[in-house]
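This report covers a chain contact, a domain division and a strand pair. The sequence and model come first.

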Amino acid sequence: MSTTPYTSASHDTPALELRGVCKRFGKTEIIRGVDLAVRAGERVAVIGPNGAGKSTLFNLISGRFAPTSGEILLGGRRIDGKKPFEINRMGLARSFQITNIFPKLSVFENLRCGVLWSLGYRYTLFKFLADLDDANERTEDLLERIGLTKKRDTLAMNLTYAEQRALEIGITIAGGAQVILLDEPTAGMSKSETRRFIELIREVTEGKTLLTVEHDMGVVFGLADRIAVVVYGEVIAFDTPEAVKANPRVQEAYLGSVLAEQQAAEAAH
Amino acid sequence: MSKAYDQFTPYNVGRWVVWTLFALVLLVAPKLFTSNLSISMLAQMGIAIIACLSYNLLLGQGGMLSFGHAVYSGLGSYVAIHALLMVGQGTLAVPVSLLPMVGGLAGLFFAMLFGYVTTKKAGTPFAMITLGVGELVFALSLMFSDFFGGEAGITANRVVGEPVFGITYGPAVQVYYLIAVYTFVCVAAMFAFTRTPLGRILNAVRDNPERVEFIGYNTQVVRYLAFMISGFFAGIAGGLAAIQFEIVTAEVVGPLRSGAYLLFTFLGGATFFFGPIIGGVLMVLALVLLSELTKAWLLYLGLVFMFMVMYAPGGIASLIMMNLRVAAFGRLRELWVSYLALGGTGLVALLGAGGIIEMIYHLQLNAAIGPQVQYLGATLDTGSAQSWFGSAFVMLTGIGLFEVARRRFREHWSDIQVDIEKEIKRREMA
């Protein structure tokens, strides 16, 4: 087995790898044997119809659920069955489809909470937050990068929806994880907001491995190096945007209808 | 430059003023209120402040609703009083001044023991388990009379050992100052805790435990650590109580005490650090003074609690902070007529309701000694319709007028809030 936990990830080791991953809830099989290998630094978009299992896939990778069978490897190390916080400490962070922030903490505090563990402030009791120069500087820097410096001391619950989505991304990247999972980061945003937001995502995940679920096909084809198409719990295609677009199986199962819909919507405008 | 990161930095002048004032209040309080009763009450307030603040580490800081906090303060009391007995017998060499620390360590130990189970869960299961542990310990206290002293409790004499600097803890005021020192140190330590990484992550666990799991922290560990710290301070409060009263009875671990911590922490305000300080003061006022004033004190307390939960769930602390905000924008002066109206009509309603409540209690408890009830200098007669109708009339008038005043006030208040929001937006733009 190539899963010795302490070997450092070489060039050939995928940043994230799924091998025959299955997930059953009761008798319903949601994920039916997914194999996927994402290279380090690659941007992968996961697309597919509603209920195809995209979010479940993210939940399996990030440790919210354990897979029923199969292996998940992060930089060559097994992570399936581990707890979310263990997986996070190993360098994988995720965002959520439904905004998942700390509503009664300020924007600054939200981000700082995301920073602390990675700088070694674990369950630290005998240090003042105000004295943690490294954590505070990193937090200010994050604020700047997600464009919320002006909202620094606002309680997260009082932000606008788009600002909360930005904060969600901010918390996700705060710990400096190398593999980032973004679950529908632009859900509920207008088209123009989405475009701007994708730029933000592109900037803040520069040099990192990114997996994202995204519905706007224009955005997907612009952002992703490769696209994984999930239909009924299976990856039916995993290739470059052009190849995926041309793939007849994808056309039939998913893209045909989606593209037609979007073209119709654009024509109507 | 790093000092600019927090709103209140350690060398902030405002903070020095607040803490100096707090120390001064602790210092001069017994000079202003010199009777035995007031010194005893002041001492109890110090204890209650520590206990309520330790409770709020769970409730307000960590979002953990505990129904069994008295277990930790109470067991702290018991261990401390046994230690005091041993000091008296010469089998333990600990100065009385350090006995509260023994209580604290006991609180920490039992929190470590029970908390391991309790903090595995959050939310409602957590609350249920604390309730169970509370009942368990209370039941045990009646079974193991060697340790818990049965009905009579455990008594000890605090004037033992060699006096240090002539402090014998004979006079009540010496005990007060011991408690005052502990109060100051514990309040400062618990405040400091809210400024540490663990303290902040505890807030994050309160707000959104699920998310915390995805930023590297094990929420169970966070809750467990907070629970132990809370138990430690509760134990200190218990140890101080053992020295103050020189007697510990089973009720200190009982559900009523746990309920009181919850109730008064909430009344004081769980959302602000200083809320439980107000709560602790109120707790002693209610338990000592109000209970002397009327037999129906628990009922009044229940009413206050009910109205607080309904209309001001942030407790007194949040009422203060909201009004300070209004004052900061120079709008508080417009409200004083409204407050006067609210206060006046509320008092009238309370006057009427109080008459009825006192008469009912009289009928239930003291009917044998005649129908007369002394009520605020007037005499009510439970046998006459006049007294009943009179009280009801006063109460209903009060309620009606209060409702009118309340609606006016609410409109005015929300107008002011809207203005303030606008002003904030305007300043943000500028």
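How many residues does the contact take from chain B and from chain A?

## Contact between chains A and B

The contact takes 32 residues from chain A and 27 residues from chain B, where two residues are in contact if their C-beta atoms, placed from the backbone, lie within 7 Å. On the chain B side, at least two residues each come from helix H8 (197-207), helix H9 (209-213) and helix H10 (219-245). H8(B) gives the largest share, 7 residues. Helices (H or I, at least four residues) and strands (E, at least two) are DSSP runs, numbered from the N terminus.

This side of chain B has 12 nonpolar, 8 charged and 7 polar residues. Ala, Val, Leu, Ile, Met, Phe, Trp, Tyr, Cys and Pro count as nonpolar, Asp, Glu, Lys and Arg as charged, and the others, Gly among them, as polar.

## Basis of the model

The model is predicted: local features need pLDDT of at least 70, side-chain atom pairs count only at pLDDT 80 or more, and totals for chains, interfaces and linings use all residues. Residues are numbered from 1 along each chain as its sequence is written, while chains are lettered from A and ligands numbered from 1 in the order in which they are written.

## Domains of chain B

Chain B is divided into domain 1 (33-306) and domain 2 (329-429), with bounds from an automatic or database domain assignment. Their centres, taken over C-alpha atoms, are 34 Å apart. In chain B, 4 residues of domain 1 are in contact with 4 residues of domain 2. The domain 1 side has 2 nonpolar, 1 polar and 1 charged residues.

## A hairpin in chain A

In chain A, strand S9 (residues 226-231) and strand S10 (residues 234-239) run antiparallel and are joined by 5 bridges; two strands pair if DSSP finds at least two bridges between them. A:Val230 stands opposite A:Val235 in S10(A). S9(A) and S10(A) form a hairpin with 2 residues between them. In the turn, A:Tyr232 has a positive phi of about 45°.
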